[in-house]
Amino acid sequence: MLSIVGNIKINDATRLKYLKATLWSFEFINDCQLLLNVDCDCQVLDSITRQVRKIGFTNFELSNQSGNYGKIYCELLSKVNSDFVINFIEDTFMLLDSKDKLKVILKAMQTERVDICKSSFYQIEKNSSKEILGHYDMNYGLVFDNNKTNHNLYQKYYGTRYYIGVNFITTLEFAKKFWSREF
């Protein structure tokens, strides 16, 4: 069906908390391949590994590399065994919570020859300020509590329409070209 590929840096407890919340948002597709490079210390990687197992992922590979972002991402993509990739760039969680609905989206992407499926974060944030609890108005925009309650509210409010933040689905072919910059 698809693979989840990510390359992120964890350098504080808040980022680790958000990463774990994001991984839980992928629970409904825990039978998908998960390839995740986390630039962090060994204790943090052990904690993430335990979380991934607890969520139920069985086909996963976690690594701990520092270096050129694009090169690491291309190494991860070379291990992908599906036609579609969730490019997991940051720790912002997925709103979709139905494997059947995801299959419909992937089938539509295939039929219509769509290379990228992504939403507008700005519009989500604008709508969320009206509907979602636990947000704080900061100088640079709204900040939402990333917890199970808000995740369920996001899913209820948005349904299958959005993938929040900078996570997006692409074809494997497009992802390889994008990250290697071979257009």
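Modeller: Ser 63 is in contact with Leu 36, Asn 37, Val 38, Leu 45 and Leu 76, once neighbours within four places in sequence are left aside. Contact here means heavy atoms within 4.5 Å.

Colleague: What kind of model is this, and how are residues numbered?

Modeller: This is a predicted model, in which local features need pLDDT of at least 70 and side-chain atom pairs count only at pLDDT 80 or more, while totals for chains, interfaces and linings use all residues. Residues are numbered from 1 along each chain as its sequence is written, and side-chain values use heavy atoms, with hydrogens and water left out.

Colleague: Why is Ser 63 called buried?

Modeller: Its relative accessible area is 16%. Buried means under 20% relative accessible area, exposed means over 50%, and partly exposed lies in between (1.4 Å probe, protein chains only). Ser 63 is therefore buried. Ser 63 lies in strand 3, residues 60-63. Strands (E, at least two residues) and helices (H or I, at least four) are DSSP runs, numbered from the N terminus.

Colleague: What makes the link between the side chains of Ser 63 and Asn 37 a polar contact?

Modeller: The distance is 2.9 Å. A polar contact is a pair of N or O atoms within 3.5 Å; within protein, one must be able to donate a hydrogen and the other to accept it, and residues adjacent in sequence count only if both atoms are side-chain atoms. The two residues are 26 apart along the chain, with C-alpha atoms separated by 4.6 Å.

Colleague: Where is Gln 33, and what makes it buried?

Modeller: Gln 33 is in strand 2, residues 33-39. Its relative accessibility is 7%, so it counts as buried. A polar atom of its side chain lies 2.8 Å from the backbone oxygen of Lys 79. Beyond four places in sequence, Gln 33 is in contact with Leu 2, Ser 3, Ile 4, Asn 59, Lys 79, Val 80 and Asn 81.

Colleague: Why are helix 1 and helix 2 called roughly parallel?

Modeller: Helix 1 (residues 13-25) and helix 2 (residues 42-55) pack at an angle of about 20 degrees, with axes 10 Å apart. Axes are lines fitted to C-alpha atoms, for helices over the stretch in contact, and angles run from 0 to 180 degrees between N-to-C directions. Angles under 35 degrees count as roughly parallel, over 145 as roughly antiparallel, 65 to 115 as roughly perpendicular and the rest as oblique. Helix 1 and helix 2 are therefore roughly parallel. The contact joins Leu 16, Leu 19, Lys 20, Leu 23 and Trp 24 of helix 1 to Val 44, Ser 47, Ile 48, Gln 51, Val 52, Lys 54 and Ile 55 of helix 2. These residues divide into eight nonpolar, two polar and two charged. Ala, Val, Leu, Ile, Met, Phe, Trp, Tyr, Cys and Pro count as nonpolar, Asp, Glu, Lys and Arg as charged, and the others, Gly among them, as polar.

Colleague: How do you know that Gln 51 is buried?

Modeller: Its relative accessibility is 14%, so Gln 51 counts as buried. Gln 51 is found in helix 2. Not counting residues up to four places away in sequence, Gln 51 touches Lys 20 and Trp 24.

Colleague: What makes helix 3 and helix 7 roughly antiparallel?

Modeller: Helix 3 (residues 69-77) and helix 7 (residues 172-180) pack at about 155 degrees, with axes 9 Å apart. The two helices are therefore roughly antiparallel. Tyr 69, Gly 70, Tyr 73, Cys 74 and Leu 77 in helix 3 meet Leu 172, Ala 175, Lys 176, Trp 179 and Ser 180 in helix 7. The residues of this contact divide into seven nonpolar, two polar and one charged.

Colleague: Why is Ile 10 called buried?

Modeller: The relative accessible area of Ile 10 is 8%, so it is buried. Ile 10 is in the loop between strand 1 (2-9) and helix 1. Ile 10 and Asp 41 are 31 residues apart in sequence and 8.4 Å apart in space, C-alpha to C-alpha.

Colleague: Is Arg 113 buried or exposed, and what is its phi?

Modeller: Arg 113 has a relative accessible area of 74%, so it is exposed. It has a positive phi of about 60 degrees although it is not a glycine. Most residues other than glycine have a negative phi. Arg 113 is in the loop between helix 4 (99-112) and strand 5 (116-117).
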